[in-house]
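This report goes through a few local features of one protein chain. The sequence and structure come first, and the notes follow.

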Amino acid sequence: MNKPADIHSTETIALWIDGKKQAATSKRFGDVTNPANGTTVRRVPLCNSADINAAVAAAQAAFPEWRATPSIRRARILTRFRELLEAHRQDFTRLITEEHGKTLADAAGSLQRGIEVVEFASGVPHLLKGEHAEDVGRGIDCHSMLQPIGVCAGITPFNFPVMVPLWMFPVAIACGNTFVLKPSEKVPSASMLMAELFKEAGLPDGVFNVVHGDKEAVDAILTHADIKALSFVGSTPIAKYVYETAARHGKRVQALGGAKNHAVVLPDADLDFTADALIGAGYVSAGERCMAISAVVAVGDAGDALVEKIRMKAAKLPIGPGDQHGVEMGPLITRVHRDKVASYIDKGVSEGAKLVLDGRGAKVAGHEQGFFLGASLFDHVTPEMTIYKDEIFGPVLVVLRVNTFDEAIELVNSNPYGNGTAIFTRSGGAARRFQNEIEVGMVGVNVPIPVPMAFFSFGGWKNSLFGDLHVHGMEGVTFYTRTKVVTTRWPAGDVAAPGLNMPTLG
Ligand code: NAD
């Protein structure tokens, strides 16, 4: 295989089709930028439908043989892939930090979460066992089988260049499907490295393919007749569009969308612990996590002390390039996005929220062209304000004040998003009520970012997920398989021929 150093050139990135790099036929390209200094590091092709057709054709051709490969052999290739991902940790973290901007430590953590999905998928022979019942009728047995669907596709966002693709394709491929991945055009390189390593692990050509691009490529995927299932992660408007379009074209779809994650802080919470947790959950990775806490709901008299503790800690958060030692918060993904987040801060001020920490104007010496913003904190935000209603996806934390726990639950449940939430309290009773009544898919109790491990499933509720099934864990296996139920009789001379009517007795 090519050394990762080859990928680290300023060349145009290739597609990965049928086990090798191929140039796109499309003549449209996008720039991949290093957000810490604003320079273009490589170019990415923006695929047209001919490029998508080529990738799907390779995946379709590889499907019959891969489907027939015993699951234990598929699992062994995944185990080897996991070992290679681990061996290339530094290459991945470097690529993630270079194209996304997050710190190397945060990149390493996200890689680890992805590797755990590969680990989960390596147990697939056990996960694909169906059910069996003897004598469901006289002399009749019944069993169910989980079978692959065919060509599956994944479309992923910029904020987790490795982890989110790994939520999808290891599980799909372990189940016997073939796959076409379209990573975010802002962070395309890590997916190419994964493809090379998967081949090195023994994956047959065509089972995993990588294409690049924007809406044109996405639309070609959504409407392609040979793609049977589609996994999407991204913003809510695009998730809804993807869900509706792909479903209209006969695919099963899981489309995970955006978020507005609340932390409810009760007056009995340990406020130092809570403030530390909220700094990590609100600002690290520049707030560009779908599970980032973006709204704090301070109950009763928790507010004043909590806001002051967050302000003091956030003001000292070291900002800079993600590969620099000691940095805790890197840049935002693009100049356009940085300016959009800054305009939300302007809007919050004009709508009357109290800006207690202003991250606009943050400068990083030697990186003046980087897309940096400092941490910002708003207090006395109300539910009608734009900075509460919109997903800002930046290092901006808003604090709302409520008088009672009931009001806090009502506020969270009224929000159209339902990805993650957390409660901070010392009361087991309050925590138990919260987890029971809250209408959100992933809940933390004194855990600010309650991302489920790979052997549970990840997904939100309401406008944070279109579709029924979450990613990875058993819901991932369910998504990437079809159930077939077989009813069997082996008639011997002593068994009466079946009657003509539906039987009324077993
Ligand atoms: P995005 O919606 O802009 O892009 C996601 C994918 O859709 C990309 O591959 C992109 O190329 C494609 N895309 C963009 N615009 C499109 C269009 N008009 N038509 C068709 N396809 C299009 O999201 P992003 O900015 O890359 O990522 C950030 C968003 O993702 C945030 O809203 C965040 O909350 C969400 N996210 C959600 C989860 C989750 O688990 N729910 C996880 C990570 C990120």
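This is a predicted model: local features need pLDDT of at least 70, side-chain atom pairs count only at pLDDT 80 or more; totals for chains, interfaces and linings use all residues.

Asp 18 sits in the loop that runs between β1 (15-17) and β2 (20-22). Its phi is near 55°, a positive value in a residue that is not glycine. Most residues other than glycine have a negative phi.

## A second case: Ser 285

Ser 285 is not a glycine either, and its phi is positive at about 65°. The residue belongs to the loop between α11 (271-283) and β13 (293-299).

Is Ser 285 buried or exposed? Its relative accessibility is 4%, so Ser 285 counts as buried, the cut-off being under 20%.

## Cysteines

How many disulfides does a search of the whole structure find? The search returns 0. Cys 152 is accordingly in no disulfide, and the nearest cysteine sulfur, which belongs to Cys 175, lies 8.6 Å away. A disulfide is a covalent bond between the sulfur atoms of two cysteines.

Cys 152 has a relative accessible area of 0% and is therefore buried. Cys 290 also counts as buried, because its relative accessibility is 14%.

## A positive patch on the surface

Which residues gather in a patch of positive charge on the surface? They are Arg 67, Lys 228, Arg 482 and Lys 484. One of them, Lys 228, is placed in strand β10, which covers residues 227-233.

Lys 228 is partly exposed, because its relative accessible area is 36%. A patch takes in residues with over 30% relative accessible area, so Lys 228 passes that requirement.

## Pro 188

Pro 188 is located in the loop between β8 (178-182) and α8 (189-200). Its relative accessibility is 0%, so Pro 188 counts as buried.

How far apart are Pro 188 and Val 364 in sequence and in space? They are separated by 176 residues in sequence, and the C-alpha to C-alpha distance is 26 Å.

Note on methods: Residues are numbered from 1 along each chain as its sequence is written. Side-chain values use heavy atoms; hydrogens and water are left out. Patches are made of residues with over 30% relative accessible area and no salt bridge: like charges are joined within 9 Å, nonpolar side chains (Val, Leu, Ile, Met, Phe, Trp, Tyr) within 5 Å. Accessible areas come from the Shrake-Rupley method with a 1.4 Å probe; for residues, only the protein chains shown count as cover. A salt bridge is a side-chain nitrogen of Lys or Arg within 4 Å of a carboxyl oxygen of Asp or Glu. Lys and Arg count as positive and Asp and Glu as negative; His and the chain ends are not counted. The place of a charge is taken as NZ of Lys, CZ of Arg, CG of Asp or CD of Glu. Helices (H or I, at least four residues) and strands (E, at least two) are DSSP runs, numbered from the N terminus. Buried means under 20% relative accessible area, exposed over 50%, partly exposed in between (1.4 Å probe, protein chains only). A disulfide is a pair of cysteine sulfur atoms within 2.5 Å.
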